[in-house]
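The sequence and the coordinates are shown first.

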Amino acid sequence: RLDGRQDAEVLIDTGLQKPTALSIDWISGNMFISDMRPQENSFLVSSQQGRLPKSHPNAARINICKLDGAFLGEIDYVHVNNVTHLAVDPFLGYDYFIDKNYQTSKYIIGGFDMIGKMFILTDNVSNNKLNRPAELVIDFSTKRIYWINLGSGLIQYYSPESKTVMSLRQNGVVNSNYFGLAVHKNHIYYGINDTLYRRQLDITSNSGIEGQDEVISTEVLRATGIVIYNKRPALQNSCSSNTCAHICVPMSMERPRCLCASGYSKFPSYNSMCVPHSEVLVYSSQRGLTGLELMPDGHGKAGGLPAISRLGAVSRISADSQQRLLVVVDS
């Protein structure tokens, strides 16, 4: 916290394996996190067939939690390969991402909403200038989504108004050694090597940037990213007056949606309530504990157990279901 205290707070220490990107909905108080992990959705529980978890290639999953790390859960309808950057629109409930498929070398800039719909803004098949995109940011004054192509040094943006991808004019510095991107008050900020630059944006047309690069600082040694920290006025979206037990996400400016953390489901007759799963297969590993919700057909569904912090390599496990208690040996 930027309030004079120097100690960093640990928000999440379990439930994630290899976080690769995050974005914050500062109005609803949510955090989206991309995580690389093996796929385990096809775990089959059957004493007759005796199957074990199938081996799957790594794939990214998009998780959501509160800003303090509470109520960590997975957005299960988002299917991506390797998400490197995220950017969230807290007003409309869209979360944009950059994804790379290692098998096909295909880059995608897409997004998803909180209703269950995924969409693609552009990819390197339809846009031959899309070359190693990175540093995804949103200009909330124009709703444009900006990114940098590390392979060419070209800055591009997607305009929701015209539904087109535009490239900014390259007046001045052209370099592929970018380390950050931010948009603030009609200016775009970015870093190249050890130097920070600023250039004015032309928001009235698609011509891109006016003027030359303005050097802000040459003392940003070994920087890896930038963000504009500014105190925003009190804003509201459809989650500002929610009654969700765990997490509220906006589906539009008028419609909210309640989500439950891993290990919980919505109460059938009251969608804002979350109740724990009644039948869960829990298994221990070098990463702690994982739970699979047992389905009527014998399959196990991922996300059956809430995230349990401060666990190491669990070697033994037992349970008291009446007390909702797990007893483990942590080696």
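How many helices and how many strands does the chain have? In this predicted model, the chain has 0 helices and 25 strands.

The chain holds 331 residues, of which 41% count as buried. Among contacts between residues at least 6 apart in sequence, 43% join residues at least 24 apart.

**Disulfide links**

How many disulfides does the chain contain? The count comes to 3 disulfides. With the bonded cysteines counted along the chain, the links follow the pattern 1-3, 2-4, 5-6. The table lists the separation of the sulfur atoms and the angle about the S-S bond for each pair.

| Pair | S to S distance | Angle about the S-S bond | Handedness |
|---|---|---|---|
| C239 and C248 | 2.1 Å | -85 degrees | left-handed |
| C244 and C258 | 1.9 Å | -80 degrees | left-handed |
| C260 and C274 | 2.1 Å | -90 degrees | left-handed |

The disulfide of C244 and C258 has its sulfur atoms 1.9 Å apart. C244 lies in the loop between β16 (208-217) and β17 (247-250), whereas C258 belongs to strand β18 (residues 256-259), so the pair ties together parts that are 14 residues apart in sequence. Are these two cysteines buried or exposed? C244 has a relative accessibility of 14% and therefore counts as buried, the limit being under 20%. C258 is likewise buried, with a relative accessible area of 14%.

A further disulfide joins C260 to C274. Here C260 is placed in the loop between β18 and β19 (264-267) and C274 in strand β20 (residues 270-276), so this link also ties together parts that are 14 residues apart in sequence. C274 is buried, its relative accessible area being 14%.

Elsewhere in the chain, C65 has a relative accessibility of 0% and counts as buried.

**The β17-β18 hairpin**

In which sense do β17 and β18 pair? The pairing is antiparallel and extends over 4 bridges. A hairpin of 5 residues joins β17 to β18. Within this pairing, C248 has C258 in β18 as its bridge partner. These bridge partners take part in separate disulfides: C248 is linked to C239, and C258 is linked to C244.

I24 is located in strand β1 (residues 19-25). Together with L22 and L67, I24 makes a nonpolar surface patch of about 250 Å². I24 has a relative accessibility of 38% and counts as partly exposed, because this value falls between the limits of 20% and 50%.

I27 is found in the loop between β1 and β2 (30-38). I27 is buried, with a relative accessible area of 16%. Which residues does I27 touch, when those up to four places away in sequence are not counted? Its contacts are P90, F91, L235, Q236, N237 and S240. One of these residues, N237, is 210 residues from I27 in sequence, yet the C-alpha atoms of the two are 6.9 Å apart.

**Residues with positive phi**

Most residues other than glycine have a negative phi. Which phi value does K143 have? Although K143 is not a glycine, its phi is positive, at about 65 degrees. K143 lies in the loop between β9 (133-139) and β10 (144-149), and it is partly exposed, with a relative accessible area of 27%.

R222, also a residue other than glycine, has a positive phi near 60 degrees. R222 lies in the loop between β16 and β17, the loop that also holds C244. R222 counts as exposed, at 80% relative accessibility, whereas C244 counts as buried at 14%.

Terms used: Residues are numbered from 1 along each chain as its sequence is written. This is a predicted model: local features need pLDDT of at least 70, side-chain atom pairs count only at pLDDT 80 or more; totals for chains, interfaces and linings use all residues. Side-chain values use heavy atoms; hydrogens and water are left out. A disulfide is a pair of cysteine sulfur atoms within 2.5 Å. Helices (H or I, at least four residues) and strands (E, at least two) are DSSP runs, numbered from the N terminus. Buried means under 20% relative accessible area, exposed over 50%, partly exposed in between (1.4 Å probe, protein chains only). Two strands pair if DSSP finds at least two bridges between them. Patches are made of residues with over 30% relative accessible area and no salt bridge: like charges are joined within 9 Å, nonpolar side chains (Val, Leu, Ile, Met, Phe, Trp, Tyr) within 5 Å. Accessible areas come from the Shrake-Rupley method with a 1.4 Å probe; for residues, only the protein chains shown count as cover. A salt bridge is a side-chain nitrogen of Lys or Arg within 4 Å of a carboxyl oxygen of Asp or Glu. Contact means heavy atoms within 4.5 Å.
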